[in-house]
Amino acid sequence: MRRIGESKMLSTSATTTKYCWQIPLVSFALVALFMAYSYMIHQASKVLSSISNGGMQLEKQVDSNSKMRPHTTTPSCNEKVLDQLDEVFDKKRSERVAVMDTHLGDHLSFDIYEPEATCFSEERFGSETRYSAFGDGPKFICGVDFIAHQTAHLGKDCLVYSVGSNNDIAFEKAVYTFMKGCEIHTFDPTLNKPFVGDEYATFHPWGLGEDGVVAKQGGKSWEGKSFETVFRELGHENRTIDVLKIDCEGCEYDVMPPLMELISSGRVKVNQILIELHLPQLKNNVTKFKKFFLAADEAKMRLFHKERNGWGCGGQRCAEYAFASEAFLREANGDTICPI
């Protein structure tokens with residue numbers, strides 16, 4: 001028989017022997033787990049390094065391509081595509097003209113005059129920070145970077161007219177900042193204080209209208225000047241107006257058709273017209289409304305953007321329209337679709 005003490009000693013020895021075998025197993029498992037974890041960290045670092053290097057290489061490649069890109073188009077690439085676009089744009093214009101010629105066209109006003117063309121590089125423009133232009137004032141414009149590149153790198157002339165200011169020079173500042181090199185002229189006969197944008201534009205206290213016809217607004221009166229007279233007095237007869245921004249609170253139906261006629265006859269070249277049209281108040285103004293769009297058609301100006309103005313005009317009683325000449329729109333879209 002074993003004594004009680006011996007039994008306890010044997011039990012303790014067995015337990016000790018059991019744990020002695022377990023300790024190496026646990027240690028081995030911990031070491032294996034640590035090694036596996038280290039391997040995973042190492043592999044992950046390699047992957048992240050590869051991704052980072054690849055991203056840097058891609059970024060360098062994109063940046064290099066961007067710097068090398070000359071902003072011109074490949075004839076073999078773009079002509080067929082642009083021809084197809086022109087066919088679509090012409091079809092949309094014809095459909096709208098057909099509605100204008102019906103009695104229904106006399107009642108729909110803004111509703112039937114929808115964008116019939118697409119500028120693939122359009123943006124809302126007219127703020128100090130790019131792509132943050134909102135509110136009553138900014139306009140939709142086509143090909144800002146395209147125009148800027150042509151001016152800065154190809155030596156092309158750039159001329160911008162801003163008609164109607166109220167001393168809000170956000171549009172002028174945006175042109176000055178993002179379309180560097182453009183010559184800017186601002187027109188407004190209604191200012192009660194000195195023009196605040198001399199750093200960005202040349203100011204003229206002139207009102208667009210019929211030559212010699214007196215107009216009044218806000219206690220101010222002035223003799224109107226037609227666009228033809230303005231071009232002549234500023235020596236701009238043989239220059240292209242790259243962007244004409246106009247918000248003259250109703251004068252558009254009197255001053256724009258004669259300008260469209262100048263464009264149609266080839267005496268004046270305007271690449272873009274960004275204009276606020278006010279809802280006609282009288283029946284005869286509906287006729288003026290139709291004449292405006294027909295004159296734009298004759299001048300080969302394509303409507304590429306429309307936006308009802310909910311910020312001004314007493315609650316969407318006017319609309320912002322953007323037109324681009326057929327030639328300019330084709331050129332700007334070609335630069336976007338088929339750059340070399």
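Are phenylalanine 187 and tryptophan 206 buried or exposed? Phenylalanine 187 is buried, and tryptophan 206 is too; buried means under 20% relative accessible area, exposed over 50%, and partly exposed in between, with a 1.4 Å probe and protein chains only.

Some ground rules. This is a predicted model, where local features need pLDDT of at least 70, side-chain atom pairs count only at pLDDT 80 or more, and totals for chains, interfaces and linings use all residues. Residues are numbered from 1 along each chain as its sequence is written, and side-chain values use heavy atoms, leaving out hydrogens and water.

Now the aromatic pairs. Rings of Phe, Tyr and Trp (its six-membered ring) pair if their centres lie within 6.5 Å; planes under 30 degrees apart are stacked, over 60 edge-to-face, the rest tilted. That rule gives 15 aromatic pairs. Phenylalanine 187 and tryptophan 206 have ring centres 6.1 Å apart and planes at 40 degrees, so this pair is tilted. Phenylalanine 187 belongs to strand β4 (residues 183-187) and tryptophan 206 to the loop between β5 (202-204) and β6 (207-208), so the pair ties together parts 19 residues apart in sequence. Helices (H or I, at least four residues) and strands (E, at least two) are DSSP runs, numbered from the N terminus.

Phenylalanine 293 and tyrosine 321 pair edge-to-face, at 5.3 Å between centres and 75 degrees between planes. Both of these residues, phenylalanine 293 and tyrosine 321, are buried. They also belong to a cluster linked by ring pairs, with Tyr113, Phe292 and Phe323.

Last, charge over a ring: NZ of Lys or CZ of Arg within 6 Å of the ring centre and within 35 degrees of the ring normal. Lysine 225 lies over the face of tryptophan 206, 4.9 Å from the ring centre.
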